[in-house]
Amino acid sequence: MNARIYDRPDLDQWQARLALYVVGTLPNAAPSQAYEGRLQIFNGVGDCFVRQIDGATLPEGHRLYVDQVAKQVVLAWPAYQAGAAPIENPGFESGPVGWDRGMGWVIATENPPVGSWAAGYNNQQGESIISNQARYTVHDGQVTRAKCKVRQGASSEGNAGASVLLEYRDAAGNVVRSVEGNRVMSASKNRVYDSEVVGVAQAGEATVNIAGNGIRHRENKILFVDAFEWDHTVAAAGIDHEATLCITLLVSDSAGRSTLWAGCIEVREGVLPPQLTDWRHLLTTLSDDSTAYAASDYNDSAWPVGDSPFGNLTKNPNVGLNAAEFYPGFSPVIKTQIPLNQRLWIRRTLTLPSVSDKGYQLIGYFDNGYTLYVNGVQQSQSSTGTNAGVRQYIHPDSFVAGPNVIAVRCDDDAEETSDDAAYFDFTLEMSLTGPGMQDLTFTEVATVEHVQLAPAALTQFSDDFATQLFVASSTSVPMAFSIASGALAVSSSSAGDKNLFIREGAGIGIPQQFVSIDVDAYSPPASGYAVVSAGIYKDANNWVYFEYDAFNSQLRIERCIGGAAAFVDTRTLSATAPYRLGFSLVGNTACGWIDTGSGWKASSFANMAGYKDFKAATDLDNWVPSILVAAGNTCSFTIGNFYAGRFGGVGIRDITTVTNEAGDPYIVDGKAYVTATTADHQGTAYQAVFRIDLAAYTLEQTAAIMVSRDGTVQNDLSGHIIRYSDTQQRLTTATWGNGFGQKIRILTKEVATDLLHGTHVISAMDEPVLPYTDDADDGTYDPFLVKDGEVWRLAYSFTENTNFVGDPFYAALAGSSDLVTWEPMGIDTVNRFEGTKQVKVGDSYQVLAGGRTSYRVFDTGMNFLGTMNAPIDGGSNTQPHPMVLPYLDKWVMLTFDGQIPSSAGVSAGFTWGRMRVNTAPRM
């Protein structure tokens with residue numbers, strides 16, 4: 001995982017510095033094999049340092065240090081050796097590696113006591129230590145003898161010298177005691193003398209390493225140490241068995257800032273050895289299209305051997321830095337130089353004792369193109385990459401037990417630019433889980449346009465007028481009415497203004513309602529007006545209707561609040577009975593709908609906020625479903641049905657499966673329960689629950705959910721439900737009811753009710769303080785909550801401002817043990833991705849996020865694994881969410897697109913979303 005713990009934020013802000021953080025995942029290891037893993041440090045000031053502060057005991061002889069050139073944390077250990085405790089690079093013949101150098105120490109070829117290299121102490125007064133990075137366990141009373149060669153150089157006797165040291169450390173890696181050997185402070189005629197030491201380990205000391213101490217009292221002439229040796233023994237170096245090593249590292253820089261990294265290394269049989277050295281390579285031309293070089297039986301013995309990466313970064317060294325960020329095992333510095341604008345073939349043999357049934361993952365970085373073959377068969381290819389990384393699953397059938405030939409054709413295109421570069425590095429790792437979401441190919445199987453204004457499961461009443469169940473009243477001369485043959489007849493038999501208010505059922509209770517009527521027949525007046533309406537009514541001075549003036553062919557919203565009546569949004573339409581009129585209320589938006597025989601169509605609307613704040617209203621139990629009929633002359637209407645219930649909606653987006661704590665989807669009889677956002681024709685949306693048939697891909701709405709907070713009932717949305725039982729569930733949602741530019745934060749609460757059916761208003765929800773929300777205008781939304789063992793993980797979307805200006809929103813992940821205190825687990829660096837989900841793949845989880853044109857996949861450290869190969873159509877409107885769930889023998893992706901449901905005559909923003917269903921096979 002990665003982390004960005006800002007333990008000195010004021011320092012960063014005052015100095016205008018970017019925060020220190022560490023990115024990457026340590027690769028897994030194979031028993032008995034040498035290991036090296038790297039993590040990338042960003043924004044470090046000066047030299048950086050690392051130490052382990054928690055977790056497993058690392059293998060004997062491990063080295064934990066910072067590569068100061070690449071600015072990478074390096075963890076390495078040697079191949080397993082029973083009883084040995086080798087000093088890393090004891091005679092410096094491998095150059096400046098394996099040692100932590102204090103001030104004044106250099107490793108070079110000047111005047112070595114032995115061989116070609118030595119460590120020199122120069123240009124530094126006082127004492128300074130050079131410490132070997134190989135550390136080994138000790139036990140109380142263990143005796144260790146050590147020595148090194150010292151060439152005191154040209155300094156006068158007593159002015160400068162050196163000695164051997166044994167450094168004893170505690171479990172955290174801190175030096176708690178040093179034992180020094182004899183100081184060599186005199187050596188005439190360039191002679192070399194030994195410094196020797198005997199150390200005895202004491203209780204509480206965990207490890208020991210050999211070191212040298214440079215001493216200078218006066219003069220400034222270089223002295224040398226070389227050929228370190230000791231007789232220290234351990235049970236083993238490296239590790240020879242399977243294990244899980246979970247560690248926490250503290251990384252700091254020279255400015256005093258620090259950051260934490262935590263993660264695990266799986267030591268498992270079948271893990272591949274590093275493949276960053278000993279590639280055979282052949283330089284050809286871009287016109288050489290032969291594929292013979294890929295054949296498993298091709299004779300490459302005459303090809304030269306080199307280390308990766310191959311390339312040329314003379315014009316653009318940033319490509320190397322990007323490669324190291326993508327995969328810290330890749331070097332930012334070219335190891336084997338090649339010309340630009342050429343074709344390169346690289347080959348190696350990879351010997352597998354056995355083939356893992358979970359397959360392998362290719363990890364590569366390339367500029368510009370590549371084609372990779374395993375045993376002569378093409379497995380992966382890209383011809384359009386510039387400064388790009390790849391992570392791709394390769395099926396186990398591509399490999400054999402024994403030797404496997406890996407061949408890669410590497411192409412740098414012929415284009416000449418000022419920042420032209422070539423970079424090629426590839427490695428294979430054993431998959432621990434089988435194919436991840438980034439390795440699958442999804443195929444679209446269904447597109448569903450959602451227009452469902454009156455969900456059957458949310459019906460309050462449907463009156464067919466078999467008997468009189470309503471109450472009638474008037475504010476003027478009443479119109480006559482009668483019930484006969486399952487219909488309501490309303491008429492005026494003379495000139496003059498008349499009306500009739502019909503109301504039925506219980507109060508709406510919350511600002512979310514749908515009312516409709518069927519107008520079966522109409523007899524027009526000679527003049528004036530003839531109005532029939534559906535809406536909600538409180539009393540003679542307070543009501544809101546969507547009405548059709550059949551005589552004047554006008555549709556409109558009519559509101560009356562506190563006795564002040566007004567027409568709003570009048571539109572012209574000529575409709576002939578039979579037709580239906582519908583009225584919806586979501587929050588403070590009143591919408592009209594009409595169906596003249598081809599389905600519901602959007603019509604007039606009114607924003608009620610400035611006249612009646614339905615969200616803050618306390619009298620909604622007194623507002624009831626109603627019909628208004630009014631006329632100015634002789635006319636009649638026949639009404640066949642009067643319906644009331646919770647409003648459904650048009651469009652569907654933000655689809656999120658209902659799950660248990662572990663993230664497993666709740667599926668009953670082949671139907672998955674999901675939360676989703678749906679809206680009225682003006683885009684005023686709310687949280688709904690649907691049941692989706694995973695065979696027929698049909699939608700059925702089963703619940704509507706709103707949130708009571710701050711004295712209002714809000715249409716909050718983009719939620720996730722954890723189902724413990726039919727009567728114990730947890731809702732996690734976001735305060736979208738506030739609107740853009742307002743506070744948008746995640747809320748959560750466990751409730752003793754069935755959220756999956758009926759109408760619910762959830763109150764007293766908790767607002768967790770989530771990482772990265774340092775400013776008041778930061779926002780969090782799109783939550784997906786999973787409990788993995790004892791750790792809760794919350795995937796969510798983070799935005800730097802809730803106006804969303806500049807698209808500053810990113811996928812993020814946080815962890816908690818108690819749902820109260822949350823720690824950062826990582827955040828993506830690529831903006832305009834949201835809709836964060838979690839899906840369990842094998843024994844581990846992946847985090848998914850959607851953009852306009854691609855879906856991104858991460859591990860639980862928010863390390864980018866790749867993009868999903870799945871259809872996506874966000875258009876210019878939206879970022880589809882990648883909700884993936886397992887079902888039978890396939891993965892099912894329930895997502896949406898940026899298309900507005902045109903069949904309902906809708907055109908406003910945030911009404912978009914057709915459900916798009918994609919599937920991929922499960923192994």
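**Stop 1: a surface patch**

Select V143, V198 and V200: together they form a nonpolar surface patch with about 220 Å² of accessible area. Patches are built from residues with over 30% relative accessible area and no salt bridge, joining like charges within 9 Å and nonpolar side chains (Val, Leu, Ile, Met, Phe, Trp, Tyr) within 5 Å. A salt bridge here is a side-chain nitrogen of Lys or Arg within 4 Å of a carboxyl oxygen of Asp or Glu. Accessible areas follow the Shrake-Rupley method with a 1.4 Å probe, and for residues only the protein chains shown count as cover.

Keep V200 selected. It sits in strand 15, residues 192–200. Helices (H or I, at least four residues) and strands (E, at least two) are DSSP runs numbered from the N terminus. V200 is partly exposed, with a relative accessibility of 41%. The scale is simple: buried is under 20% relative accessible area, exposed is over 50%, and partly exposed is in between (1.4 Å probe, protein chains only).

A word on the model before moving on. It is predicted: local features need pLDDT of at least 70 and side-chain atom pairs count only at pLDDT 80 or more, while totals for chains, interfaces and linings use all residues. Residues are numbered from 1 along each chain as its sequence is written, and side-chain values use heavy atoms, with hydrogens and water left out.

**Stop 2: the whole protein**

Zoom out. The C-alpha atoms fill a box of roughly 130 × 60 × 50 Å along the principal axes. Colour by secondary structure: there are two helices and 68 strands. Of the 923 residues, 57% are buried. The protein exposes about 34,400 Å², and carbon and sulfur atoms supply 48% of that area. Now consider contacts (heavy atoms within 4.5 Å). Among those between residues at least 6 apart in sequence, 68% join residues at least 24 apart.

**Stop 3: the cysteines**

Show the cysteine sulfurs. The structure holds one disulfide, defined as a pair of cysteine sulfur atoms within 2.5 Å. Its partners are C246 and C264, with sulfur atoms 2.0 Å apart. C246 belongs to strand 19 (residues 243–253) and C264 to strand 20 (residues 258–267), so the bond ties together parts that are 18 residues apart in sequence. The torsion about the S-S bond is about 100°, so this disulfide is right-handed. C246 is partly exposed, at 32% relative accessible area. C264 is partly exposed too, at 35%.

Go on to C560. Its closest cysteine sulfur is in C591, 20 Å away, which is too far for a bond. C560 is buried, with 4% relative accessibility. Select C410 as well: this cysteine is buried, with a relative accessible area of 0%.

**Stop 4: D595**

Select D595, in strand 44 (residues 589–595). It is buried, at 9% relative accessible area. Display its polar contacts (N or O pairs within 3.5 Å; within protein, one atom must be able to donate a hydrogen and the other to accept it, and residues adjacent in sequence count only if both atoms are side-chain atoms). The D595 side chain reaches the backbone nitrogen of S598 at 3.3 Å. A polar atom of that side chain also lies 2.9 Å from the backbone nitrogen of G599. Leaving out residues up to four places away in sequence, D595 touches Y579, R580 and W600.

**Stop 5: A30**

Move to A30, in the loop between strand 1 (21–23) and strand 2 (35–42). It is buried, with 6% relative accessible area. Neighbours within four places in sequence aside, A30 contacts V267, R268 and V271.

**Stop 6: backbone details**

Two cis peptide bonds deserve a look. One joins D367 and N368, with omega about 25°. N368 is part of strand 26 (residues 360–374). Another runs from A577 to P578, with omega near 10°. P578 lies in the loop between strand 42 (564–572) and strand 43 (579–586).

Finish with phi angles. F92 is not a glycine, yet its phi is positive, at about 65°. Find F92 in the loop between strand 6 (81–82) and strand 7 (99–101). F92 is buried, at 0% relative accessibility. N341, not a glycine either, has a positive phi of about 60°. Look for N341 in the loop between strand 24 (336–337) and strand 25 (343–352).
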